[in-house]
Amino acid sequence: MYKYLFSLLFLGCLSCQMQSSDSSLRLWYKQPAKEWMEATPTGNGRLGAMIYGGTQTETIALNEITMWAGQADENQEIPCGKEKLAEMRQLFFAGKLIEGNQMATQYLSGTPHSFGTHVPVGDLKIDFGYDTTRISDYTRQLDLTTGVTTVGFKVDGIGYKREYFCSNPDNVLVMRFTADKGNSLDFETGLALLRKATVTTEGNELVFTGKVDYPQFGPGGVNFIGKINIAQQGGTIEAREGKIRVKGADEAILTLDIRTDYKNPGYRTQCAQTLAQAGQQSYEQLKKAHMDDYTALFNRVEIDLGNSEADNLPTDIRWSRIKSGAKDPGLDALFFQYGRYLLISSSRENSPLPANLQGVWNDNLACNMSWSCDYHLDINTEQNYWASNVTNLHECNQPFFNYIESLSEDGEKTARRVYGSPGWVAHTVTNVWGNTAPGGGVNWGLFPVASCWVASHLWSHYCYTQDQEFLKNQAYPILKKNAIFFLDYMTTDPNTGYLVTGPTNSAENSFKFNGWELALSMMPTCDRVLVHELYTSCIEASKILNTDTGFRDSLQQALAKFPPLKIGKNGEVQEWMEDFEQAHPNHRHASHLLALYPFAQISVAHTPELAQAAKKAIDNKLAAPDWEDVEFSRANMINFYARLKEPEEAYNSVCYLLQKLTRENLLTVSPKGIAGAPWDIFIFDGNQAGISGIAEMLVQNHEGYIEFLPALPQAWPTGSYKGLCVKGGAETDLKWQNGKVTAATVKATTANTFRLKLPAGTSNPKSTLNGKTYTLSPDNEGIITLELSQGDCFELKY
């Protein structure tokens, strides 16, 4: 028995006066969404929904993160082993790259049979039947300060209001419909599912059950159940033919849950219990629990990049102005905070899976592409979490780390069967069924350093949080086991004496060789960067944990035999160890520049020649005819240029991402015509990597010291932020005016030593530590050293 405490709200001019508590932090529109890319997202890290805000018919596109096709596949790899691997390597060392590529294709291709994909559930349809010609004062908004979507309008003078949110504490999607005149709510609720299911009614609940059947990527799929409870105040409720009709109500509250049997045999009972527990609370209690939970994360960071005349315009109008070339610093800041909202909505500590290619949503387009809606480990999944630490959302990493841990277990079999090595490995694409094998084509799928790349997030998280328990219990064991694989897998190049990987590809790119286009070589630059990062992380972690001295020595000895990063004859950072000519200079991937970002093996301060060569590689790629400009590659450019201290170039890419590679709801897209896409397809990574780039423009500390405003563009002359994090365990706040820092704060979240570069072009700042005067002693480079205890607050004021 549901015990909602109803209260009829007399809402007056609700539809035209709905205002966010901070009007700068809302996406709002004066009309319903006509398609998925105009709807607004909500999510709780497991459930996801897109709210259209329709008046005649409301559409709510439903998703659940474990709604997967496919099944486990014991025969995903071709057994290769050390002998065949050594044989094909000899072909590469002998300069027989064509034959080497052919042999690798035969023995190092994966053989997926039931890979599967994430799939959408379908739509909840709520028919109100309003005459659209009689509707006025329509407003639809997503308030980022509360995580609540609101729709309001009038019909014949009666005000109607709807609220929607996905609650993480209560694990349900909540909807409330009200009117400012009694007995005015009439609607019918039904389903337009994309999965085969049986739809029934049980009292005031709409129930659907089924099994995912989506054979495009092989057999198999989860079993699922969904329930929608409808509790009304006043009027009548009637169930018939798989629909529920409410007539003459004052108020209605809908709660929804969807569960699958993915690692969850009690999913049916769990679904029923979740709705029952939610039903024991009033709407106000559900909303307060949601807002308390959500704001505890969202409110950690504030950002102000300036104002413009567009600040009070609807979001789609602002987006249209940006597409016409207008600058809108307020929209830049909104995009930044929206990215944080999306991550909170997609990835929480209790999420059963991390954010996938589309976060926790699914537009039914990506899953129909050959690349599917899965986990791409050659940039996309990593980009999903680039912003988590710097934007103060460390907890959102946890489902990603749990997933990496499961990969490290499944990847032991692939390491043993494919390479004959101990440890673990994973390749370009993975799913939820334990696939860690090479992809079906070596030109894109033979990428064993994907395991290093995802594992690098474990070390990065430690660098930001200084959580030694996490390092000891989860991060280091995974990193170490991955390093064990590469210590065994790598071999000595007899021509150079270097330790090398291979054969592998450079993240889907290829090169020209004797009239051929080839993908595979020994030790492409990205391999060198990623394994170097893995080994150095393990070395540092073993020192911190005071363990594995012998293992550490092995890693240090191996690192000494790595080839250096090289500059090619065209002045660019080489993408391969050999100075090959790129087959596709316009290719969207730039994996050889990982050394610049997210890592720091190339930097302006420490490796200026390589930094200049990286800039030339970036400039040339952008200038290449028909450059494959997609959401992740353009977001890359923001981060790259920020690291190169090129503010205007970084900002140009911020603008381009918003102009060309987002849609009306500010979700980023892989555009029609690239990578085989016949439509614009939402991809989550652009939103996340885009805002990590904006953070890089405002604060950096990869060069061994904190630097404020390293890449501040002219478009943001005056502004502020609070709560952005730096490695070592600190939060920073900043204010600036006319391009100059006026106040800065470093707050230690853990005891550590921090180095801070005093802002250039300013003098005689007032400095305090915990409110007491602090004497500055900068070195010759203007850098001061701060010994801070947990909770200490260092401030500069100019």
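Me: Is glutamate 696 buried or exposed?
Reply: In this predicted model, glutamate 696 is buried, because its relative accessible area of 9% falls under the 20% cut-off.

Me: Where is glutamate 696 found, and what is it in contact with?
Reply: Glutamate 696 is found in helix α18, and, once its neighbours within four places in sequence are left aside, it is in contact with Tyr597, Asn639, Ala642, Arg643 and Pro710.

Me: Which elements do the buried residues of α17 pack against?
Reply: The buried residues of α17 pack against α18 (684–698), along with α6 (315–323), α7 (329–346) and α16 (631–643). Those buried residues in α17 are Ala650, Tyr651, Ser653, Val654, Cys655, Leu657, Leu658 and Gln659.

Me: How many residues does α17 have, and what about α7?
Reply: Helix α17, covering residues 647–660, has 14 residues and reaches 20 Å from its first C-alpha to its last, which is close to the 20 Å expected at 1.5 Å a residue. For α7 there are 18 residues and a reach of 26 Å between the first and last C-alpha, again close to the expected 26 Å. As for its covering, 18 of the 18 residues in α7 are buried.

Me: Pockets next. What volume does the largest pocket have, and which residues lie nearest its centre?
Reply: The largest pocket has a volume of about 1,000 Å³, and among the 45 residues that line it, Cys463, Tyr464, Asn701, His702 and Lys727 lie nearest its centre. The elements that give two or more residues to this lining are α11 (450–465), α13 (525–545), α18, β29 (699–700), β31 (719–726) and β34 (752–757).

Me: Which element gives the most to that lining, and how do its residues divide?
Reply: The most comes from α11, with seven residues, while the lining of the largest pocket as a whole divides into 20 nonpolar, 19 polar and six charged residues.

Me: And the second largest pocket, how much space lies in it?
Reply: About 640 Å³ of space lies in the second largest pocket, which is lined by 34 residues, with Ser370, Trp371, His376, Val429 and Trp444 nearest its centre. By class, its lining has 13 nonpolar, 16 polar and five charged residues.

Me: Which residues does UniProt give for the catalytic domain?
Reply: An unreviewed UniProt entry places the feature "domain: Glycosyl hydrolase family 95 catalytic" at residues 282–698. Over that span the chain is 48% helix and 6% strand, with the end C-alpha atoms 43 Å apart.

Me: What about the N-terminal one?
Reply: For "domain: Glycosyl hydrolase family 95 N-terminal", UniProt lists residues 27–264, also in an unreviewed entry. Residues 27–264 are 10% helix and 49% strand, and their end C-alpha atoms lie 36 Å apart.

Me: Threonine 149 then, why does it count as buried?
Reply: Threonine 149 counts as buried because its relative accessibility is 0%. This residue is found in strand β7, residues 148–155, and beyond its neighbours within four places in sequence it is in contact with Thr40, Ile51, Gln141, Leu142, Arg162, Glu163 and Tyr164.

Me: Last one: where is aspartate 792?
Reply: Aspartate 792 is in the loop between β37 (783–788) and β38 (793–797), and it is buried, with a relative accessible area of 13%. Leaving aside neighbours within four places in sequence, aspartate 792 is in contact with Val746, Lys747, Ala748, Leu769, Asn770 and Glu787.

Methods:
Residues numbered from 1 in each chain as written. Predicted model: local features only at pLDDT ≥ 70, side-chain atom pairs only at ≥ 80, totals over all residues. Heavy atoms only, no water. Helix = DSSP H or I, 4+ residues; strand = E, 2+ residues; numbered from the N terminus. Buried < 20%, exposed > 50% of the residue type's maximum accessible area, 1.4 Å probe, protein only. Contact = heavy atoms within 4.5 Å. UniProt positions renumbered as here; feature names shortened; annotations may be inferred. Expected span 1.5 Å × (residues − 1). 1 Å grid on protein atoms, 1.4 Å probe; cavity = no way out; pocket = protein on both sides within 12 Å on 5 of 7 lines; lining within 4 Å. Points joined across faces, edges and corners; volume = space filled by probe spheres on them. Nonpolar A, V, L, I, M, F, W, Y, C, P; charged D, E, K, R; others polar.
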